[in-house]
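Welcome to this short briefing. Take a moment to turn the structure around on your screen, then read on for a guided tour.

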Amino acid sequence: MSEVKDYKYIGQRTIRPDGFDKVTGRANFGADLTLPGMLWARVKRSPYAHARIIDIDTSKAEALAGVMAVATAADFPAIASETLQMGETSADIRDLARNNLALEKVLYHGHAVAAVAAVSQTIADQAVELIEVEYAELTPVMDVLEAIKDDAPILHDDLFTAGLAETPETPSNIAMRMELKKGDIDAGFAEADVIVEREYQTPTVHQGYIEPHACTVRYDEDGQSMIWCCTQGHFDVRASTAKILNMELSKIKVIASEIGGGFGGKTTIYLEPVALVLSKKSGRPVKLVMNREEVFRASGPGSATRSWIKVGARKDGTITAMQGILHYEAGAFKGSPMAPGVMCVFTPYDVANVHIEGFDVVVNKPKVAAYRAPGAPQAEFAAESAINELADKLDMDPIELRLKNAAKEGTQAIYGPKFKAIGLVECLEAAKNSAHYKSPLGKNQGRSIAAGFWFNAGMSSSVVINMNPDGTVVVVEGSPDIGGSRASMAMMAAEELGIAVEKIKPIIADTDGVGLNSTTGGSRTTFATGMAIIEAAQDVVKQMKERAAAVWNVTLDQVDWVDGVAVNTADEARLSAAEICAAAGSTGGPISARASLTARGAGPSFAVHVADVEVDPDTGKVDVIRYTAIQDAGKAIHPGYVEGQYQGGAAQGIGWALNEEYIYDENGVLENAGYLDYRIPLASDLPMIETVIVEVPNPFHPYGVRGVGESSIIPPLAAVSSAVSNAIGVRMSELPCSPPRVLKAIQSRDN
Amino acid sequence: MVVIEYEAPQSLGEAVKLLSDCTDKPARVLAGGTDLIVQLRSQVGGPQLIVDLKKIPEMMDAVLDENGLSLGPSMCCAELTARQDIKTVYPGLVEAAYLIGSTQIQGRASVGGNLCNSSPAADTIPALIAIAAECLIIGPDGERQVPVEDFVTGVGENCMASDEILKRIIVPLPAAGTADAYLRFIPRTEMDIAVAGAGVSVTLDNNGICTAARIVIGAVAPTALLVPAAAEALVGSDMNDTALQNAAAAASAASSPIDDLRGTIEYRQHVVGVLTRRAAVIAADRVKEK
Ligand SMILES: Cc1cc2nc3c(=O)[nH]c(=O)nc-3n(C[C@H](O)[C@H](O)[C@H](O)COP(=O)(O)OP(=O)(O)OC[C@H]3O[C@@H](n4cnc5c(N)ncnc54)[C@H](O)[C@@H]3O)c2cc1C
């Protein structure tokens, strides 16, 4: 159990180490590396959402002057199905290969079928036009409800529903069924005085990162290769590329560039194996960059869902039963975040009778990727909307209803663990006591709230701390920094070492430069990589104390470490870190320490958001006029960046609630493949998002840290849509609450 | 390799000559480039000669006098919207220019470019038609003047030949008791394309009775439409609710929008009526404030 301590650096708002590089434009992102002799590549993409590939003729492209290599799936070795953990989610490596370059079938409009490397981008662009692909068109399946029909066109002849009692004999678009249950659901509903039941729908959404996927690769004569790319996890890029190309890990070095956003979207790969094949064939370095349209058409969005939720409660607000059926779109290949959705959906509540079924369904859209708390926002949108409706029917305050049923320390979570200290009740209390929740509303305005739960991940981290001879410090980590984590790493090292944070330089090493690190995802980095840093820093302190003890010829227990200085408790003699490090060569060698661990005990982070909206009754336009994000951080290392995570997640969730959606035409072609018509909120669309950092320490972490990166995207969907419901008096169960949909609801109310 | 030539002449005469001499390859004039450069990047087979108008002084200034406004079409919107004198006389035109893109875009984008790009959703076009603006066009054979409502002929099409240039935008001085307003609907606050738009100019007498009106709707037909029936609904009224409602209904009826990802037919028809009513109210309030 962590004790309440006075910290010197933890909890400060220090300057971020990557700040200057980013604001001056000096920082190098995915598309910024250019090598001598480098070629430019372009991917040839499918014009159909669903088709069989009859033939690919690359001869004309190869004959074009300036074209140095052409690649198709035939250049990938045949590989067997195998599951690889990538970030919070996992991928079948055979599917991943086919997603990088289609084999036999194209499964979505924009699916990669071939690629060209040429001496200029213009020539590469022309060359892909010269590749002739013969297709046999098939009917696209664009929606889960279509996909699960008995007569639906089948995407994969070899996909059989997993998770059924009996192994099916016919292939299906349902990749997996999952079920969790507890108690007796029928008895639970029989006990209820009030029951709400409704269907909910959420669209395919984009993570909204600004930087398109990009890489520059080099395959060398000696079989070594280098990949420079923007990714949340360069070790996973290495692992998946190695599997797809049947290479040894030691032959691939991956360097993570600075990253212009990922939000889960950069935990998988699209380009790297393709570019490596082109580099190997041409003998030249190759740069392959997606444009924005390709990002929308062919990289992994967040999963669209359809859910059915039923909740029953007694008159006093005790929830007696919760039931859900959740369908998730996986896109072209199995593996939607259905399972976490099933595990999260009702987890904020301690309820005796629960039954959840989930289905992972393939459709002719790009394979979904992780998106901040993958699977949770969709499921919890449905569940939290149902709780709000239940509160209305019970004539109870929605916070009181939640407090009455809230999970707390000791609650048995349906997905396995018994909760240790968690902060849901504290977040709900903070919402109830906020000035915001007590403020009056005006005409056409509505308010609502929602809670959110996310597990958070631990996974593996490796770090090295090297002491320089002048007492300054290099912290070598391997977790790409997507949210300011370098600052937090430096602060934790500073805290343990007692050395000023400005003297500490955190760097993110390539895959050859530091031990294995899992992807930055699952809100794990500050928690898990931070734990490794604390451990390594403690080792460094111990070594420095040992050197001082040796110099003074005293035992180790006579040496204290105070603010970066060794103090001899007997005679008050002092040796600073700088003095110890300067002399290290003659006292036993340079001082450094490493730590490699798999972090256990990632504490869940609960969030509660309060949303006020105003609806224009004539146009259906919704303005968010006040918004408060409350969340348990365990311990906020850098409060500014914690608040930034709360605000960022809220902004993304508000966009999901109000305007964001992929719009496909009847042929399965995305109509809004860009930020003009895929409407993420602009700064001017949002009020200042107020934040409250709740700190219920995570008992498994030395400082009490919980991951904070994801939970904040969960509550906005239900908080905002329920606020709209309250403003107009019609339940909004389908997202987004775009102006035409809201106006229609208003008109249906009035007719 | 595609080579694009760039010229920046100092006078309109030179510019016209560059265009009319250029017979062997496609040429385009450039103002702020916020349409043209975006199109260049997404198109194959675009122009091979670009004639930049921004070095020509008479394309870049604006004169407001007793005859009205003579606007150099390539003046950027940021400069136009900073002109208090113009804003006082034509608040609707200035608010339309202020809606284009964002601060950064307005530092480049021009009213002339908006007009010549001739998008059905262009924001300044309904505002210009509402104030009876005309286009002064120059070409190898001299000059001609065309009302804005006749200038735009279709989606992305206008009445100019490839060697003609929009030289000035001429707006008459409004009659006493006149004010204009422009409103558009987008799902967000900025950086979006109009789902529907409405430009309105009204003239009220001393008793608050509407004696003249021009109502123009945008983004709900291939070109911005002047809707006389909507204006007639207001003329003779004191701008009461019934009159406003009738004007809105006339605007909705005149619209012929398409169903697309930015809005359904139904939604656009409804919203263009709402905007018409609201813009008319704003314009009338502006008259009363004067
Ligand atoms: C991010 C973004 C947001 C935008 N938002 C809006 C918006 O909210 N509302 C809106 O209406 N538009 C919007 N636009 C479109 C564009 O900014 C406007 O249409 C702008 O007014 C164009 O002016 P420009 O000076 O940049 O034109 P340019 O791009 O230079 O020219 C546009 C076209 O007109 C021709 N042309 C220009 N001047 C003349 C002339 N004097 N004579 C003959 N032909 C000429 C050019 O050859 C070209 O075909 C947006 C664009 C971007 C990139």
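How far apart are the mean positions of the positive and negative charges of chain B? They are 5 Å apart, with 22 positive and 35 negative charges taken into account. Please keep in mind that this is a predicted model. The points below go through each chain and then visit a few places in detail.

**Chain A as a whole**

- Chain A contains 21 helices and 28 strands.
- The radius of gyration of chain A is 27 Å, close to the 27 Å that the globule rule gives for 751 residues, so chain A is as compact as a globular protein of that length.
- If you follow the C-alpha trace of chain A along its principal axes, it spans about 90 × 75 × 50 Å.
- Of the 751 residues in chain A, 62% are buried.
- Among the contacts in chain A with a separation of 6 or more, 79% are between residues 24 or more positions apart.

**Chain B as a whole**

- Chain B is built with 13 helices and 14 strands.
- For chain B the radius of gyration is 19 Å, close to the 19 Å that the globule rule gives for 290 residues, so this chain is as compact as a globular protein of that length.
- The C-alpha trace of chain B spans about 60 × 45 × 35 Å along its principal axes.
- Buried residues account for 52% of the 290 residues in chain B.
- When you take the contacts in chain B between residues at least 6 apart in sequence, 60% of them join residues at least 24 apart.
- Chain B has an accessible surface of about 12,300 Å², and 53% of that belongs to carbon and sulfur atoms.

**A helix inside chain A**

- Have a look at helix H3 of chain A, residues 93–100: 7 of its 8 residues are buried, so the helix is largely enclosed by the rest of the structure.
- The buried residues in H3(A) are Ile93(A), Asp95(A), Leu96(A), Ala97(A), Arg98(A), Asn99(A) and Asn100(A).
- What do the buried residues of H3(A) pack against? Their partners in chain A are strands E4 (83–86), E5 (89–92) and E7 (112–118), together with helices H7 (234–245) and H8 (272–282).

**A hairpin in chain B**

- Strands E6 (residues 134–139) and E7 (residues 142–147) of chain B pair in the antiparallel sense over 6 bridges.
- The hairpin that joins E6(B) to E7(B) runs through 2 residues.
- To find one facing pair, locate Ile137(B), which stands opposite Arg144(B) in E7(B).

**A strand residue in chain B**

- Thr211(B) belongs to strand E13 of chain B, residues 210–218.
- Is Thr211(B) buried, exposed or partly exposed? Its relative accessibility is 42%, so Thr211(B) counts as partly exposed.
- Not counting residues up to four places away in sequence, Thr211(B) touches Thr203(B), Leu204(B), Asp205(B) and Val235(B).
- Thr211(B) and Ile105(B) are 106 residues apart along the chain, and 38 Å separates their C-alpha atoms.

**Backbone angles to look for**

- Most residues other than glycine have a negative phi, and most peptide bonds are trans. The next points show some exceptions.
- The peptide bond from Leu735(A) to Pro736(A) is cis, and its omega is near -5 degrees. You will find Pro736(A) in the loop between helix H20 (715–728) and helix H21 (739–750) of chain A.
- Asn553(A), a residue other than glycine, has a positive phi near 60 degrees. Asn553(A) sits in the loop between helix H16 (525–552) and strand E22 (559–562) of chain A, and with 71% relative accessibility it counts as exposed.
- Met239(B) is not a glycine, yet its phi is positive at about 65 degrees. The loop that holds Met239(B) lies between helix H11 (228–234) and helix H12 (241–254) of chain B.
- Met239(B) has a relative accessibility of 10%, so this residue counts as buried.

How values were computed:
Residues numbered from 1 in each chain as written. Chains lettered and ligands numbered in written order. Predicted model: local features only at pLDDT ≥ 70, side-chain atom pairs only at ≥ 80, totals over all residues. Heavy atoms only, no water. Helix = DSSP H or I, 4+ residues; strand = E, 2+ residues; numbered from the N terminus. Rg over C-alpha atoms; globule rule 2.2 N^0.38 Å. Buried < 20%, exposed > 50% of the residue type's maximum accessible area, 1.4 Å probe, protein only. Contact = heavy atoms within 4.5 Å. Areas by Shrake-Rupley, 256 points an atom, 1.4 Å probe, with all protein chains shown as cover. Lys, Arg positive; Asp, Glu negative; His and termini not counted. Charge placed at Lys NZ, Arg CZ, Asp CG, Glu CD. Pairing = 2+ DSSP bridges.
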